[in-house]
Amino acid sequence: MPGIPVQNDWSDITQAGKTERLGYPTQKPVALLERIVAASSNPGDVVLDPFCGCGTTVHAAEKLGRNWIGIDVTHLAIGLIEKRLRDAFPKVAFTTHGVPQDIAGARDLANRGREDKNYYFEFEKWALSLIAAQPGNMGKKGADRGIDGNIYFGKTHRAIVSVKAGDNIGVGMIRDLRGVIERERAEIGIFLTLTEPKKTMVAEAAAAGQFEMEGFEPVPRIQIVTIEDALHLRDRAVRLPARRDDAFKRAAREEDTRAQGQLDI
């Protein structure tokens, strides 16, 4: 099937627009990667992106009927790519290697984090990705002032996430989280923990009361979510009214794969 000759002028492709942007720095437009993938491969070929960032290349490859392999070093990127692909291609099937798939894997990553801070930061970013929360400092190292992550809901509302990977957790951490949301004037606090909470912690969280928003059922102001629950329920483990997708925006659903003839390569 004849195609359109590739031109030197690609000015018809603009930067990723507002509806396409996911909130990840250096994001490229899908149209650009679609053109590159279509010009250099055939349907069924394997496309490799060893530094795939927010996943624009693998998105284009999936859309154009290619097999693909994407690699990135950070759980911030990997979590976003997983969410992007599931939003854009509801029936997509893929396997993610190198990230915890169960509670044993989560504990292994946490244990490595006790010896190497780099692993701890990766555990934190991975845990936040389970509930589709944005890292409080976008994954950069440094003081976080008790804000490991954020989730936005309603027009201007905010939930602050505190991630704990250790075994030694206690009621004081719930009080600390309550202090952070009061200082930051946030509406909700999420305590995301690898270890099951103690009864005193559950009672302290309940004492913080409910957050009410017109038109929605009240939700707990302090919510304790275990990593195990987050693994099974993902963002449904957190109860938020009118949750928004601008922590990392939802990728537009792709309806059809574009038809293309074979290239002579």
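Colleague: Is F211 buried or exposed?
Modeller: F211 counts as buried, at 13% relative accessibility. Buried means under 20% relative accessible area, exposed over 50%, partly exposed in between, with a 1.4 Å probe and protein chains only. This is a predicted model: local features need pLDDT of at least 70, side-chain atom pairs count only at pLDDT 80 or more, and totals for chains, interfaces and linings use all residues. Residues are numbered from 1 along each chain as its sequence is written, and side-chain values use heavy atoms, with hydrogens and water left out.

Colleague: How many aromatic pairs are there?
Modeller: Four, from a search of the whole structure. Rings of Phe, Tyr and Trp (its six-membered ring) pair if their centres lie within 6.5 Å; planes under 30 degrees apart count as stacked, over 60 as edge-to-face and the rest as tilted.

Colleague: Which pair has F211 in it?
Modeller: F153 and F211 pair edge-to-face, 5.7 Å centre to centre, with 85 degrees between the planes.

Colleague: Where do F153 and F211 lie?
Modeller: F153 is in strand 4 (residues 149-153) and F211 in strand 7 (residues 210-211), so the pair ties together parts 58 residues apart in sequence. Strands are DSSP runs (E, at least two residues), numbered from the N terminus. F153 is buried, with a relative accessible area of 0%.

Colleague: What about Y120 and F121?
Modeller: Their ring centres are 6.4 Å apart and their planes at 70 degrees, so that pair is edge-to-face. Y120 is partly exposed, at 21% relative accessible area.

Colleague: New topic. Where is L48?
Modeller: L48 lies in strand 1 (residues 46-49). L48 is exposed, with a relative accessible area of 54%.

How values were computed: Helix = DSSP H or I, 4+ residues; strand = E, 2+ residues; numbered from the N terminus.
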